Amino acid sequence: MDVSLGGETRARGGHYTARMSRANMPNRYQLAEFGALLAEPARAAMLLVLLDGSARPAGELAQVAGVGAATASAHLKRLLDGGLLAVHVQGRHRYYRLADDEVAAWLEAMALPRAPRLPRPQGSDPALCRARTCYRHLAGQLGVALCDAWLGRGWLHSDGGGLRLAATGAQALAAAGIAEPSSEQLLRLAGRGCLDWTERRLHVGGPLGVAITGAMLDAGWMRRSQHSRALLPSDEGLRRLAQLGVRLDEAAH
């Protein structure tokens, strides 16, 4: 039974829930099965170590989970059947990874503690904490810093439809080097506040967040890592972001 949940984690009145279409809404048995997949500590350990976007062999995942090879194989089969994992076969080797970015982001939301601020998860990749994709939008220290800075400058504002980019924000992006058609298109998109897994603060999600991130990638301000969900900012990109009030030294606080 495929119990994978599609959609985005959305803020609504301070609560964060998975957004799903009615067509994809699981029935009670699927939801119970999904909960059962996450309730086993060994499977949870495997999922958490794959949050960095890596693909790992069964032996390594067995070691992380503290189980034997046969037990790990059974757990991996359940996660594959449940739609949470995908497998890449290379010769005689099999490498397991999370099924897609939606699964990763949903697991991030599930892993968030109730406390507003705690130390980052043990073993977190510094590059992943610095900047990464979450549903294709910018997350991590840079994502949080961008949201904070632009809200403070009035470039982002909240209305009944979510977060919106103000005209002054679009002008600032164009002045910093984002192509003018792209900056104008951003004005028509709505965003949302998305709670960041590592920073425990909000970054910009939704269509607006995706478009902002895409524009920055197109401009060469950052590039995607080949090995994880990390986004790697260039020196020029950091300079341009600083021009827009986005600084990593402020994001750490």
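Here, buried means under 20% relative accessible area, exposed over 50%, and partly exposed in between (1.4 Å probe, protein chains only). This is a predicted model, where local features need pLDDT of at least 70, side-chain atom pairs count only at pLDDT 80 or more, and totals for chains, interfaces and linings use all residues. Numbering starts from 1 along each chain as its sequence is written, and side-chain values use heavy atoms, with hydrogens and water left out.

Select residues 140-152 to get helix α7. Helices (H or I, at least four residues) and strands (E, at least two) are DSSP runs, numbered from the N terminus. With 10 of its 13 residues buried, α7 is largely enclosed by the rest of the structure. Click through some of the buried ones, including Leu-142, Val-144, Cys-147 and Trp-150.

Which residues line the largest cavity? Select Leu-138, Gly-143, Leu-146, His-203, Val-204, Gly-209, Ile-212 and Thr-213. Its volume is about 60 Å³, counted as the space filled by probe spheres set on the points, which are joined across faces, edges and corners.

Now color by element: α7, β11 (202-205) and α10 (206-218) each supply at least two lining residues, and α10 gives the largest share, three.

Note on methods. Expected span 1.5 Å × (residues − 1). 1 Å grid on protein atoms, 1.4 Å probe; cavity = no way out; pocket = protein on both sides within 12 Å on 5 of 7 lines; lining within 4 Å.
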